[in-house]
Amino acid sequence: GLGVEDRGMSCCVDRREVIQGIAGLALGGVALGQRGRKKLRLAFCSQLLCIVPYEVAQRRGYFAEEGLEVELVYARGGSQALQFLVGKAVDYAATSLDAALQAYHRGAPILRFASTGRLPLFALAAGPKSPVKSVRDLEGKTVGVSALGNADHVLLVYLLKKAGVDPKRVQYATLGPNLYEALKAGHVEAGMVQEPALSLLKEAGGRELVNLMDLRQARTYLGGPYEFMGVAVRREERQERLEEMRALSRALAKALRFIHAADARLIADTLPKALIAGGDEERLKAVIQRYRKDLYPEDVRIDLEAARRVVESQQEAGLLPPSFRLEGLLDLEVLGA
């Protein structure tokens, strides 16, 4: 699970490709769960760093405190999570803004109202045998991405243009989820990787060129936070679900505060063991400790400027037209300014 799966989405399937509860998803309907709590289904992409606020809210009882019984449905990436939402198999979808923008641009009747991530989960790294030391050195080189049009490719094009490199003078190797092995073996000079691939690569002698999971570097290279994970609802249900949306947001806000305040070990221990199985738990704790205050905002309100940066990067990559209007997708009034 080190890469990105479908076009136009920035989240990927975790290493076990956990899929829960898809087969038996019933359509719509308001159901009451334990002690009268409102039952909801929330689908999201299964990339480990994306899901932390949702599992924390679930396992620490924050959803329950707000009168909600939330079933977390693991989808194969943001595009599939949004398909579940549009198809009324779930009540909400939590995805990258990249995925939501593409779905909305294709006509999906969705509204995004809350944010749980403020940085993309990618870093540009050079392999152990690569001479590349900066973004400018990539001219004439081969760089690995998961697929053309995916969020990692979009961000790479953006970084190249900002560094004064013509993206047409770079070769792109589409390597799916196996970027780490190709980089380590020297099949490509550099590539867009996630964690834990970045940590593993550096241990093998590779070099971090730009780490967009680091808020300081994101400010340097992107101009500031870059809206990432957040929650969407079906547009036609906005009014009837308004109080529920606010309750969901309050629970996630509690989870974000916990992530900022708690020890990384405690956060990792909150996650379901099935998600960590087969991985290195100590490495996961180190990754959470390093990134938790950068990746996750302290508030669930959407940062409009951060969202505009995502639109700009997609426009630079030719995925959105210059005339695209972000305001039609975002609902900033649900949680107030």
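**Notebook: a predicted model, read element by element**

I began just after helix 4, where Gly-107 takes a positive phi of about 105°. Helices (H or I, at least four residues) and strands (E, at least two) are DSSP runs, numbered from the N terminus. The model is predicted, so I noted that local features need pLDDT of at least 70, that side-chain atom pairs count only at pLDDT 80 or more, and that totals for chains, interfaces and linings use all residues. Residues are numbered from 1 along each chain as its sequence is written, and side-chain values use heavy atoms, with hydrogens and water left out.

**Entry 1: helix 4**

I asked how far helix 4 (residues 97-105) is enclosed: 7 of its 9 residues are buried, so the rest of the structure largely encloses it. Buried means under 20% relative accessible area, exposed over 50%, and partly exposed in between (1.4 Å probe, protein chains only). The buried residues of helix 4 are Leu-97, Asp-98, Ala-99, Ala-100, Leu-101, Gln-102 and Ala-103. I then looked up their packing partners, which are helix 3 (78-86), strand 4 (92-96), strand 5 (110-115), helix 5 (151-162) and helix 13 (304-316). Contact here means heavy atoms within 4.5 Å.

**Entry 2: the whole chain**

I recorded 13 helices and 11 strands in the protein. Of its 337 residues, 58% count as buried. Among contacts with a separation of 6 or more, 79% are between residues 24 or more positions apart.

**Entry 3: the core**

Of its 118 residues, Leu-124 and Leu-248 touch the most other members. Helix 9 (residues 242-261) gives the most to this core, with 11 residues. Not counting residues up to four places away in sequence, the residues that Leu-124 touches include Val-135, Leu-138, Val-143, Leu-156 and Met-192.

**Entry 4: backbone exceptions**

I kept in mind that most residues other than glycine have a negative phi, and that most peptide bonds are trans. Lys-88 is not a glycine, yet it has a positive phi of about 65°. I placed Lys-88 in the loop between helix 3 and strand 4, and at 38% relative accessibility Lys-88 counts as partly exposed. A cis peptide bond joins Glu-195 and Pro-196, with omega at about 10°. Pro-196 sits in the loop between strand 9 (190-193) and helix 7 (197-203).

**Entry 5: the kink in helix 12**

I found a kink of about 35° in helix 12 (residues 281-295), centred on Gln-289. The bend at a residue is the angle between axes fitted to the seven residues ending there and the seven starting there. Buried residues of helix 12 include Leu-284, Val-287, Ile-288 and Tyr-291.

**Entry 6: a sheet and a histidine**

I traced an open sheet of 5 strands in the order 8-7-9-6-10, with mixed pairing; two strands pair if DSSP finds at least two bridges between them. Its edge strands, each pairing on one side only, are strand 8 (171-174) and strand 10 (207-211). Strand 7 (residues 142-145) pairs with strand 8 in the parallel sense over 4 bridges, and the bridge partner of Thr-142 in strand 8 is Gln-171.

Is His-153 buried or exposed? His-153 is buried, with a relative accessible area of 13%, and lies in helix 5. Not counting residues up to four places away in sequence, His-153 touches Val-145, Ala-147, Leu-148 and Tyr-172.

Definitions and conventions
A nonpolar core is a set of buried Ala, Val, Leu, Ile, Met, Phe, Trp, Tyr and Cys residues joined through side-chain atoms within 4.5 Å.
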